[in-house]
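The stops below may be selected in turn.

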Amino acid sequence: MHGFLARLGVELPDTLITQALTHRSFSYENGGEPHNERLEFLGDSILGQAVTVKLFQDNPDLNEGILAKRRSSLVSSAALAEVARHFKLGQHLRLGRGEELTGGREKDSILADTVEAIIGAVFVGCGPVVANNFVLHLIKPLLADPDRFGAAMDPKTSLQEIAAERGFSAPQYTVTGEGPDHNRIFTAVVSVGGKDRGTGTGTSKKQAEVAAALAAWTLFSRDKNESA
């Protein structure tokens, strides 16, 4: 646990970080010990304020509509789940058996909610200034690449749009699955212009396709010269 906190760059009491990592499914199966939904509620508010202020200060020429869109992207489940995976958050979650069996450690919604809970825990344990700086630390990689805002929100649509702009036909997805029904992992490969452009995995076909689309969009956005 201490190594995990070191990666996050914060120090918190064990009881507080444990609560932040405890999903309600674990609580219901283990005598009702405190779970993370109250901390998530708090963290959601802190996240929104920190992101709003950061975008407002750093982008004096953007109107409120664009700022609102960027804020929505930064606090989206897709973006927060990406942050969670960067810090290998999934392996530290405390989940009930049902969520374990259905791939809860890789669900965007659970990962995103837990990131918000950890933000709330940092506020409780360290105060508002540290919590604000913690949020900015978490979202820094996304802020450094603003073109990914829309892609993180809806990778499949973003890929379709960039493919059309380059003169390619619509992306085509091929999905395969392996493993038992209760723990099945899907792999998606997306093809654009007759070439495989991205691969993604997930616990559902949709999740795998979204991951593949984001990988392909990233590839296209880096190579701005490729067109049909």
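**Stop 1: His92**

The model is a predicted one. Begin by selecting His92, which lies in the loop between helix H6 (77-86) and helix H7 (97-101). Is His92 buried or exposed? His92 counts as buried because its relative accessibility is 19%, and the limit for that class is under 20%. Leaving aside residues up to four places away in sequence, His92 touches Phe4, Arg7, Leu21 and Arg105.

**Stop 2: Arg105 and Glu100**

Keep Arg105 in view and select Glu100. These two residues form a salt bridge, in which the closest N and O atoms are 2.5 Å apart. Arg105 is partly exposed at 25% relative accessibility, and Glu100 is likewise classed as partly exposed, with a relative accessible area of 33%.

**Stop 3: Lys107 and Glu99**

Now select Lys107 together with Glu99. Their side chains meet in a salt bridge, with an N to O distance of 2.9 Å. Glu99 counts as buried at 19% relative accessibility, whereas Lys107 is partly exposed, with a relative accessible area of 23%.

**Stop 4: Asp108 and Arg85**

The structure holds eight salt bridges. One of them joins the side chains of Asp108 and Arg85, at 2.7 Å from N to O. Which parts of the chain does this pair link? The partners belong to distant parts: Asp108 is in helix H8 (residues 108-126) and Arg85 in helix H6, 23 residues apart. Asp108 is partly exposed at 25% relative accessibility, and Arg85 is partly exposed with a relative accessible area of 35%.

**Stop 5: Helices H11 and H12**

Finally, select residues 155-165, which form helix H11, and residues 205-222, which form helix H12. How do their axes cross? The axes come within 8 Å and cross at roughly 35 degrees, and the crossing is left-handed. To view the contact, show Pro155, Lys156, Ser158, Leu159 and Ile162 on the H11 side. On the H12 side, they meet Glu209, Val210, Ala213, Leu214, Ala216, Trp217, Phe220 and Ser221. Colouring these residues by type displays the make-up of the contact: nine are nonpolar, two polar and two charged.

Note on methods:
Residues are numbered from 1 along each chain as its sequence is written. This is a predicted model: local features need pLDDT of at least 70, side-chain atom pairs count only at pLDDT 80 or more; totals for chains, interfaces and linings use all residues. Side-chain values use heavy atoms; hydrogens and water are left out. Axes are lines fitted to C-alpha atoms, for helices over the stretch in contact, and angles run from 0 to 180 degrees between N-to-C directions. Helices (H or I, at least four residues) and strands (E, at least two) are DSSP runs, numbered from the N terminus. A crossing is left-handed if the near helix is turned anticlockwise from the far one by less than a right angle, and right-handed if clockwise. Contact means heavy atoms within 4.5 Å. Ala, Val, Leu, Ile, Met, Phe, Trp, Tyr, Cys and Pro count as nonpolar, Asp, Glu, Lys and Arg as charged, and the others, Gly among them, as polar. Buried means under 20% relative accessible area, exposed over 50%, partly exposed in between (1.4 Å probe, protein chains only). A salt bridge is a side-chain nitrogen of Lys or Arg within 4 Å of a carboxyl oxygen of Asp or Glu.
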